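Reader: Please take a close look at the pairing of charged side chains in this structure. Then go on to the helices and segments that bear on it.

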Amino acid sequence: DVTSTKGNEFEDYCLKRELLMGIFEMGWEKPSPIQVVDQRAACAQPSIPGNPAKFLGGLSCGTVLSGFGKTMVIVPTRELALQVSQICIQVSKHMGGAKVMATTGGTNLRDDIMRLDDTVHVVIATPGRILDLIKKGVAKVEHVQMIVLDEANKLLSQDFVQIMEDIILTLPKNRQILLYSATFPLSVQKFMNSHLQKPYEINLMEELTLKGVTQYYAYVTERQKVHCLNTLFSRLQINQSIIFCNSSQRVELLAKKISQLGYSCFYIHAKMRQ
């Protein structure tokens, strides 16, 4: 279970008292398995591939949350950037002066430029916006000590990979890179080979499979998918379900087809108006 702990305590990692106060106020009593391994590895390794809170253990080691370094966290969506920044702000609120900033596309660029005039210790950003700020000379990255790629499989997909390459080229050679990915596609492996030196790899997938959850998969052709869903809904007692698609267009199309089959259906995707 992802909530299982292994007998470790947050106090075991020599974190500052002020940081521990923020952690406990979040309701986190003990570190999760990934936080345990990540904390040890981040303190010892220059590069690590592997919920937004999972990398806060690594951030606290030698960077902003324990000593005012400079950290950049790159995420693929605006929603995730806001979520991560709120967690960072809450966890570090007792540290007296730790500055956290989120910057994403679709927000006022002038406001971001004004905020970057002051000292910022952690920047959480979407790829396009942070690269734009770097090219304008507004985001000073020559002193960045750590860069975190959350959902690296998405950040290194065809949509973002060139932007990520451009961002990495602007950073100091001795920066630490942390990659977090639910899957391990070839794009992530290629990035590791190009930019990481002797990376420390963490894979807890077998340990983190949720207890009590049975997983099934079905090989079906594209034209069989809706029929397969209809069969499952009609033969199984399913009160609620969540269906993920790989594009906003497919979300709307599938929602329309499910509604036509007589099921109550609601859809949501990133291109909807906020």
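Author: Glu151 and Lys154 form a salt bridge, with their closest N and O atoms 3.1 Å apart. A salt bridge here is a side-chain nitrogen of Lys or Arg within 4 Å of a carboxyl oxygen of Asp or Glu. The model is predicted: local features need pLDDT of at least 70 and side-chain atom pairs count only at pLDDT 80 or more, while totals for chains, interfaces and linings use all residues. Residues are numbered from 1 along each chain as its sequence is written, and side-chain values use heavy atoms, with hydrogens and water left out.

Glu151 is partly exposed at 27% relative accessibility, and Lys154 is also partly exposed, at 44%. Buried means under 20% relative accessible area and exposed over 50%, with partly exposed in between (1.4 Å probe, protein chains only).

Glu222 forms another salt bridge, with Arg250, where the closest N and O atoms are 2.9 Å apart. Because Glu222 lies in the loop between α10 and α11 and Arg250 in helix α12, this pair ties together parts 28 residues apart in sequence. Helices (H or I, at least four residues) and strands (E, at least two) are DSSP runs numbered from the N terminus. Arg250 is partly exposed, at 33% relative accessibility.

An α-helix has 3.6 residues a turn, so residues three or four places apart point the same way. Arg115 is partly exposed, with a relative accessible area of 37%, whereas Asp112 is buried at 2%. Asp112, Arg115 and Arg129 are linked in a network of salt bridges. By the rule above, the count comes to seven salt bridges.

Arg129 leads on to α7, where Pro127, Arg129, Ile130, Leu131, Leu133 and Ile134 are buried. The buried residues of α7 pack against β2, β3 (100-103), α6 (109-115), β4 (122-125), α8 and α9; contact means heavy atoms within 4.5 Å. After α7 comes Gly137, whose phi is positive, near 80°.

In α9 (residues 161-170), the buried residues include Met164, Ile167 and Ile168. Seen down the axis of α9, its buried residues fall within an arc of 100°, so they line one face of the helix; the arc is that of the directions from the helix axis to the C-beta atoms. Gln162 and Leu169 are exposed on the other side of α9. Among the elements that the buried residues of α9 pack against are α7 (127-135), α8 (152-155) and α10 (186-195).

The segment after α12 holds His269, which is buried with a relative accessible area of 14%. Its side chain makes a polar contact with the side chain of Glu252 at 2.7 Å. A polar contact is a pair of N or O atoms within 3.5 Å; within protein, one must be able to donate a hydrogen and the other to accept it, and residues adjacent in sequence count only if both atoms are side-chain atoms. Leaving aside neighbours within four places in sequence, His269 is in contact with Ser248, Val251 and Glu252.
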